[in-house]
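User: I am new to reading protein models. Can we go through some features step by step?

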Amino acid sequence: MDFPVEHLATFAAILDEGSFERAARRLHITPSAISQRVRAMEQRVGTVLLQRTRPVTVTAAGAVALRAARQVQQIAVDVAAELGADEATGTLIPIVVNADSLATWFVPALARASRETDAAFEVMRADETISTERLRSGAAMAALTATSTAVPGCTSTRIGTDRYFAVASPAFAARHFEDGVTGAALATAPQLEFDRHDVFQQRFIRRITRTTVAPPRHFIPSSAEFAHAIELGMGWGMLPELQCAAGLADGRLVELGDRPVLMPLFWQRWKLDSPVLDDLSRIIAAEAAAALG
């Protein structure tokens, strides 16, 4: 099944702009022409591709069409780069990254990729356990994720393992864990969670108690502020080694457990022959190996 290139470009523009009207202004055509192109695509596949909401969203079939549209755009950019055309510069690569990696090793990796590829990057922050949804919807070309199974149309490569430690301030640990890190203490000691997708604290609790408990919880959806709140004694929480090593070394933090919780990290990217994506993937793998060991 083939779509005219202009139809795919129109489809991507609608999702970029959020509505038919704004896409029409961007493409310098009428909203009626936009609607006709979408209807033609939907008639070709025999199903609805777009939910006419505000902003417009894709259906499951529309996600496949959007991924195809993005891939066609990227192929055009890669061809322009090989031919030395000016429009090849400033390629925008949307990437999904978890907050902890973004706060520690990922930005230096991205800075290197920016220098070496001349691409521009749009980073979307999402929990590592759900980041593949952005790939599946066609909104991202690559994702740093804890999911090993490749999204359809993508490849998945393990690039390292992040080590998370249960930590608290010395004063907090003395107050709540005076008799040790027991199930009873964990049931009452306030804990910090990044958001409602954060599962690391419960993973640690289950390791200690072999069950699930429901302690008081604070939600702080920012990696740096999450770590700061732990140092201030607001609660205990899980921090990646790169974020807590200095605090453990100088006494601002104490470790609650006897070993870290391990999180394998996978780099998923479109299965597309693209020099820019190839270079980006190589750089991310190298920087992850250097940072995570």
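User: How many salt bridges does the count come to?

Analyst: The general idea comes first. Side chains of opposite charge can pair when their charged atoms come close. This is a predicted model. Here the count comes to 15 salt bridges.

User: What do the side chains of arginine 112 and glutamate 116 form?

Analyst: A salt bridge, with N to O at 2.9 Å. Now look at the spacing. An α-helix has 3.6 residues a turn, so residues three or four places apart point the same way. Arginine 112 and glutamate 116 both sit in helix 6 (residues 106-117). They are 4 residues apart, about one turn of the helix.

User: Is glutamate 116 buried, partly exposed or exposed?

Analyst: Read the relative accessible area. Under 20% is buried, over 50% is exposed, and in between is partly exposed. Glutamate 116 has 42%, so it is partly exposed.

User: Which residue pairs with glutamate 133 in a salt bridge?

Analyst: Arginine 136. The closest N and O atoms are 2.9 Å apart. Both residues lie in helix 7 (residues 132-137), 3 residues apart. Again, that is about one turn of the helix. Glutamate 133 is partly exposed at 47%. Arginine 136 is partly exposed too, at 36%.

User: Where do aspartate 278 and arginine 269 stand, buried or partly exposed?

Analyst: Take the bond, then each partner. Their side chains meet in a salt bridge, 2.7 Å from N to O. Aspartate 278 has 34% relative accessibility, so it counts as partly exposed. Arginine 269 has 10%, so it counts as buried.

User: Which residues of helix 10 are buried?

Analyst: Helix 10 covers residues 200-209. Its buried residues are Phe200, Gln201, Gln202, Phe204, Ile205 and Thr209. Next, ask what they pack against. Their partners include helix 9 (183-188), helix 11 (223-231) and strand 11 (261-270). After helix 10 comes arginine 210, with a positive phi near 60°.

User: Which residues touch the most other members of the largest nonpolar core?

Analyst: A nonpolar core joins buried residues through side-chain atoms within 4.5 Å. The largest one here has 51 residues. Ile93, Ile95, Trp105, Phe106, Trp236, Trp267 and Leu280 touch the most other members. Helix 13 (residues 275-292) gives the most to this core, with 7 residues.

User: What does the second core include?

Analyst: Leu8, Ala12, Val56 and Leu66 are among its members. This core is separate and has 19 residues.

How values were computed. Residues are numbered from 1 along each chain as its sequence is written. This is a predicted model: local features need pLDDT of at least 70, side-chain atom pairs count only at pLDDT 80 or more; totals for chains, interfaces and linings use all residues. Side-chain values use heavy atoms; hydrogens and water are left out. A salt bridge is a side-chain nitrogen of Lys or Arg within 4 Å of a carboxyl oxygen of Asp or Glu. Helices (H or I, at least four residues) and strands (E, at least two) are DSSP runs, numbered from the N terminus. Buried means under 20% relative accessible area, exposed over 50%, partly exposed in between (1.4 Å probe, protein chains only). Contact means heavy atoms within 4.5 Å.
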